[in-house]
Amino acid sequence: MRPHYDSLEIRSADERAADLARKLPAQIARARAHAPGIAARLDGVDAAAVTDRAALARLPVLRKADLAAAQAAHPPLGGLAARPVSGFAQVFMSPGPIFEPGGGAHDWWRVGRFVHALGIGPDDLVQNCFSYHLTPAGAMFENACAAVGATVLPAGTGQTEQQVQAAAHLRCTAYAGTPDFLKLILEKADEMGQELAFTSAAVSGGALFPSLRAYYAGRGITCRQCYATADLGLIAYETGAPEGMVVDDGVIVEIVRPGTGDPLPDGEVGEVLVTSLNPDYPLIRFATGDLSAVLPGTSPCGRTNMCIRGWMGRADQTTKIKGMFVRPEQVAELAARHPEAARIRVVAGRADERDSLTVRVESDRDIAAAVAASLPEVLKLSGTVEVVAPGTLPNDGLVIEDTRRYDQPPRA
């Protein structure tokens, strides 16, 4: 098998910048011409001027709620796709509901890049245990397997005894599905006295805990995960490098401060924004709601694209305090009012059986009184302000922290 999926994976920094300067304006121009829902958001934007990440960062953020609202107002796809729904191979439904198009073209979701990195190819028979019902995961991985020439058993979810029977009879060599379902299949196989032939596992849709990865390794199975969504397809994937995920070459990933569209320095934890270069579904600066961080340098696997740390939690930290919702966008507004603050974190707690609100501010100036005066207007709440030294707050992407404990019985 060739070491890389294609030449895109090993481009130089200059080649990447040149490709971005060519592809990004073309994608924005296509969205403005063929996707009215996107065009309305980019009114007045000169597509030809959006040639780098700095220009991209000035465009508005598109959120899940925006998708749902656009599709409700302009069904079926909200004017966000660059072709009519009849021009796609499939259409799917995710919770919300939000509807996503699917394509049958070669590696339309780009997940083939991930399964290739795992070593899956023409000699493999892949037991695809992702769902084929309404949601796109099953189709995404079937499309990926076709891209690398692998054969697929469309197994879907559940029915572990039948899964074992099929895997044993066909001698399936690879598994695709959620991280924990393979363990159920292996345990059922042990119970049935069946020996399975899995040597690799492509997983997504849940956390791959180190203990589970080690369990699979102990059974001779190389298990790697990818980060993908129904809206965007592949975002990033493991390659066998000791840390992190390589960003897919068909998307542009930004890490921004939660509640804003402001890019963060490499290494800081923030929300993942993705711009898709898929011409059929040109989502621009789409907020995934997930947290991650950029890793320094490039992967030792030889791929040269940006690396991220993988999934690190959810960016939607909306929390109810004293009966009022506090949202990341409000914390961002508070920070904008006080630029002398390096970082701000709202902390929800309990004191005397009542909710408490503490705002921790990183600054080298005494701005506690000024910040406290802004709280009623911005957060609609009052609270205590603590000024701490720059670098004090943890680098975990949180702008709202809930320290209240809900698993303790009330005191008598």
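This is a predicted model: local features need pLDDT of at least 70, side-chain atom pairs count only at pLDDT 80 or more; totals for chains, interfaces and linings use all residues.
Local features are given where pLDDT is at least 70 and side-chain atom pairs only at pLDDT 80 or more, while totals for chains, interfaces and linings use all residues. Residues are numbered from 1 along each chain as its sequence is written, and side-chain values use heavy atoms, without hydrogens and water.

**View 1. Surroundings of Asp124.** Asp124 lies in the loop between helix H5 (112-118) and strand S3 (125-128); helices (H or I, at least four residues) and strands (E, at least two) are DSSP runs, numbered from the N terminus. Asp124 is buried but has no salt bridge, and the nearest side chain of opposite charge, Arg224, is 12 Å away. Buried means under 20% relative accessible area (1.4 Å probe, protein chains only). A salt bridge is a side-chain nitrogen of Lys or Arg within 4 Å of a carboxyl oxygen of Asp or Glu. Beyond its neighbours within four places in sequence, Asp124 is in contact with Gly119, Ala150, Thr151 and Thr173 (contact: heavy atoms within 4.5 Å).

**View 2. Helix H6, residues 137-148.** Of the 12 residues of H6, 9 are buried, so the helix is largely enclosed by the rest of the structure. Among the buried residues are Met140, Phe141, Asn143 and Cys145. After H6 comes Gly149, with a positive phi near 85 degrees.

View 3. Over residues 137-275 the chain is 32% helix and 29% strand, with its end C-alpha atoms 20 Å apart.

Definitions and conventions. Buried means under 20% relative accessible area, exposed over 50%, partly exposed in between (1.4 Å probe, protein chains only). Lys and Arg count as positive and Asp and Glu as negative; His and the chain ends are not counted. The expected span of a helix is 1.5 Å times one less than its number of residues.
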